[in-house]
Amino acid sequence: MQAIAQRAIQPLGAKRRRPRCVVGGKRAVGPVKCRAMGDESHSDTVEVKGDWRAFRAALVNQEHAHRQRVNQQQQQANHVVTNLTAASTAYTRRQASKITPGDWAHVLPEAETGCLLLAPDTEEGWWRHSVVLVLNHDSEGSTGVILNRPTNAQLKNVVPEIDYSAPHHRVLANRHVSMGGPMGTEKGARCLVALSHTRLDGATSEVFPGLWHVSDFSAVKPEHEPSLMVFVGYCGWMSGQLNAEVAAGGWTVAAASAANTLALVNASARAGDVMGESMWATMRGRLGYPTPGNLGYDTPPQFGAEGPL
């Protein structure tokens with residue numbers, strides 16, 4: 001396990017400054033209300049507490065609702081009937097719907113720490129219909145894990161070289177693992193990544209509010225076991241590489257609430273969807289994209305006792 005512990009991804013520094021809302025040059029310490037510019041009706045006024053990502057999602061949702069209303073008013077004034085495509089209709093409906101702090105998702109123009117990357121429907125191999133959670137994105141490069149690649153294999157069978165007699169290793173032994181990416185999957189030098197929906201004192205670092213990753217496996221305790229989602233392997237990009245791929249249309253970038261992000265792992269596992277295609281399609285639908293007709297794998301990759309085959 002030493003080799004794995006040394007190589008386990010620890011992308012987030014312990015002293016990262018958390019984003020904060022600023023109003024009138026002062027930090028917003030209470031609930032923040034916002035509405036679309038030019039909207040005097042206040043019908044779209046929303047109130048957001050806490051998570052700045054939820055605040056941004058509310059702004060995005062509000063902007064689309066305002067645009068939809070303005071477009072409808074213009075169409076009525078000009079007596080114009082517009083036939084919208086299925087994709088734009090779904091997109092407008094989703095973006096204009098009311099959101100809650102725990103249930104939202106929207107497209108982003110560029111990658112950031114905590115964002116999701118959705119592979120295009122033409123991608124094959126490791127990335128086919130994948131949804132990647134970016135754990136860290138900065139000038140030095142990017143790391144992440146594929147969320148929707150569950151397996152029925154337990155960690156002790158996939159990575160037998162770990163000494164499971166150690167208490168913090170034994171906690172992970174029977175956890176079902178997911179394939180986190182093509183890097184760090186070599187036998188004898190595999191990398192482990194673990195996510196948690198709760199903060200585990202001394203063991204985790206925050207990715208964004210509501211989602212943490214294990215930054216110190218030696219601090220994992222038996223009571224932490226139910227909260228952990230374990231991945232073998234990860235995704236990595238050199239400095240500027242991910243930005244270039246996004247600019248070239250290689251990924252759809254999105255932000256999603258912690259609940260919707262973690263659902264990509266849990267729902268795929270419960271459904272036995274080893275390639276996670278249903279959750280990839282679900283997230284695309286939430287973002288307003290149509291579901292392609294090429295779902296399904298003739299020969300899905302296998303994950304056996306000796307790791308990825």
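**Exercise 1. The hairpin and its strands**

Task: In the hairpin of β12 and β13, which residue takes a positive phi?

Solution: In this hairpin, where two residues stand between strands β12 and β13, the residue with a positive phi, near 100°, is G210. The model is a predicted one, in which local features need pLDDT of at least 70 and side-chain atom pairs count only at pLDDT 80 or more, while totals for chains, interfaces and linings use all residues. Residues are numbered from 1 along each chain as its sequence is written, and side-chain values use heavy atoms, with hydrogens and water left out. Strands (E, at least two residues) and helices (H or I, at least four) are DSSP runs, numbered from the N terminus.

The next step is the pairing, for which DSSP must find at least two bridges between two strands. Strand β12, residues 204-208, pairs with β13 in the antiparallel sense over four bridges, and F208 has L211 as its bridge partner in β13.

**Exercise 2. The sheet around β13**

Task: In what order do the six strands of the open sheet stand?

Solution: The order is β9-β10-β14-β11-β13-β12, and the pairing is mixed. The edges are held by β9 (150-154) and β12, each of which has a single partner strand, so one side of each is left without a neighbour in the sheet. From one strand to the next the twist averages 35°, where axes are lines fitted to C-alpha atoms (for helices over the stretch in contact) and angles run from 0 to 180 degrees between N-to-C directions.

Turning to β11 (residues 192-196), two bridges join this strand to β13 in an antiparallel arrangement, with L195 and H213 as bridge partners. Five bridges join β11 to β14, again antiparallel, and there S196 has L228 as its partner in β14.

Finally, the side chains of β13 can be sorted by direction: L211 and H213 point one way, W212 and V214 point the other way, and all are buried, a word that means under 20% relative accessible area, with exposed over 50% and partly exposed in between (1.4 Å probe, protein chains only).

**Exercise 3. Aromatic rings**

Task: How many aromatic pairs does a search of the whole structure find?

Solution: The search finds three, where rings of Phe, Tyr and Trp (its six-membered ring) pair if their centres lie within 6.5 Å, and planes under 30 degrees apart count as stacked, over 60 as edge-to-face and the rest as tilted. For W127 and W251 the centres are 5.5 Å apart and the planes stand at 85°, so this pair is edge-to-face. W127 is partly exposed at 22% relative accessibility, whereas W251 is buried at 10%. Together with W237, these two residues form one aromatic cluster.
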